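Dear colleague,

Please find below the structure that I am handing over to you. My notes on what was found follow directly after it.

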Amino acid sequence: MGRTKIYIRAPFSETCLSELRKFFEVVYEPWTMNGERFYEDEMLDHLLRVRPDALITELDRVTAKVLTGYPKLRLIGDCRAMPANIDIAACTAAKVPVLCTPARNAQAVAEMLVGLLLAMMRNLIPSVQWVKDGKWVAGATPYYLWMGSELNNKKVGFVGFGAVGRAAAKLLDAFGCDISFYDPFVELYDSRYRKRALEEVFSECDIVSIHLPVTEATRGLVSEKLLRSMKKNAVFANTARSAVVDYAALKKILEEKRIRGAILDVLDTEPPSPEDLEIGRFPNVILTPHICGATYEVTDHQSEIMTKRIKQWLSGEGLEQIVYNRGVLNG
Ligand SMILES: NC(=O)c1ccc[n+]([C@@H]2O[C@H](COP(=O)([O-])OP(=O)(O)OC[C@H]3O[C@@H](n4cnc5c(N)ncnc54)[C@H](O)[C@@H]3O)[C@@H](O)[C@H]2O)c1
């Protein structure tokens with residue numbers, strides 16, 4: 001590609017910016033500078049202003065209109081595990097390869113999941129509120145009122161055992177959890193983790209944690225039948241995507257107190273509609289505003305993964321391993 005211009009709209013570490021400057025003229029204008037992503041027309045306007053050969057983005061919308069209006073792009077890097085902000089079919093049609101950053105926030109989600117599990121199992125949120133509300137007075141017995149459960153020896157089942165599931169399993173292994181997973185695409189790679197049928201994960205685990213991408217096969221996969229088969233005291237967690245879970249059924253089950261509770265980081269509408277927010281008001285639910293993957297360190301992780309992939313792309317080696325829309329590599 002030679003010394004060409006790269007327009008970086010994703011937050012990037014100084015170290016990796018310096019590395020990329022060895023190969024490119026870098027224009028660094030991360031979306032955090034003005035606090036907002038570019039939608040279609042704005043993205044096109046800025047490409048026409050900067051006139052780069054390559055774009056690294058994170059949130060901006062790159063559509064067919066953008067690619068047609070600015071046909072000079074030869075590479076797009078998207079600092080996400082899945083390029084949800086990019087029209088991949090349009091990129092493939094325009095023969096523009098797209099590189100992503102898988103696992104950029106796997107550690108962030110895994111750590112937050114463990115924290116949320118501890119919070120749920122130990123009644124952390126209501127007990128702290130109880131103290132703030134001035135209810136810890138003479139005669140109160142917090143030791144019994146807020147007694148919780150340990151993670152040690154609990155059966156934890158992961159549905160989807162990719163980057164996040166495995167990172168969480170590693171942490172929970174240190175708590176002495178009995179870990180199993182359902183993922184038809186993962187062969188057993190570690191004897192500490194057992195592969196199970198989906199139905200078994202739901203009916204036998206004390207904690208069921210969802211880590212699926214949204215695909216034709218996974219949309220609505222976590223059905224009412226599966227949710228109803230969970231153990232009476234089980235905890236359900238979804239930090240992946242709402243589309244893979246029947247939330248209407250989950251709401252009924254939580255209302256009926258058929259399980260101990262749910263940890264949710266994702267909803268059908270974000271920000272939530274009043275109807276969607278109802279589930280977060282249940283006392284047996286911890287609802288966080290889609291922040292499990294949000295850590296300062298993710299900037300370092302995504303910069304490192306993207307820089308490595310761009311260097312590999314420049315080398316021309318093993319492109320099928322890094323190009324998301326592999327169709328562009330054929331001819
Ligand atoms: N809450 C957040 O802030 C946040 C942050 C990062 C990722 N996520 C979400 O978490 C989910 C998992 O992310 P990841 O990085 O681990 O993804 P990943 O691609 O590394 O792992 C997904 C796993 O799901 C498996 N899978 C695919 N189809 C399946 C099916 N039909 N049945 C069972 N398993 C199937 C794959 O084999 C893979 O191992 C994604 O939905 C992602 O969008 C959320």
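Ser209 sits in strand S9 (residues 207-210); strands here are DSSP runs of E with at least two residues, numbered from the N terminus. The model is a predicted one, in which local features need pLDDT of at least 70 and side-chain atom pairs count only at pLDDT 80 or more, while totals for chains, interfaces and linings use all residues. Residues are numbered from 1 along each chain as its sequence is written, and side-chain values use heavy atoms, with hydrogens and water left out.

Ser209 counts as buried because its relative accessibility is 1% (buried means under 20% relative accessible area, with a 1.4 Å probe and protein chains only). Leaving aside residues up to four places away in sequence, Ser209 touches Leu113, Gly157, Phe158, Val159 and Ala237, where contact means heavy atoms within 4.5 Å.

Strand S6 (residues 155-159) is largely enclosed by the rest of the structure, because four of its five residues are buried. S6 pairs in the parallel sense with strand S7 (residues 178-182) over five bridges; pairing requires that DSSP finds at least two bridges between the strands. Gly157 has Ser180 as its bridge partner in S7.

A backbone N or O atom of Thr239 is 2.9 Å from a nitrogen atom of the ligand, and one of Gly293 is 3.0 Å from a ligand oxygen atom; a polar contact is a pair of N or O atoms within 3.5 Å.

Kind regards

How values were computed: Buried < 20%, exposed > 50% of the residue type's maximum accessible area, 1.4 Å probe, protein only. Polar contact = N/O pair within 3.5 Å; in protein donor to acceptor, adjacent residues only side chain to side chain.
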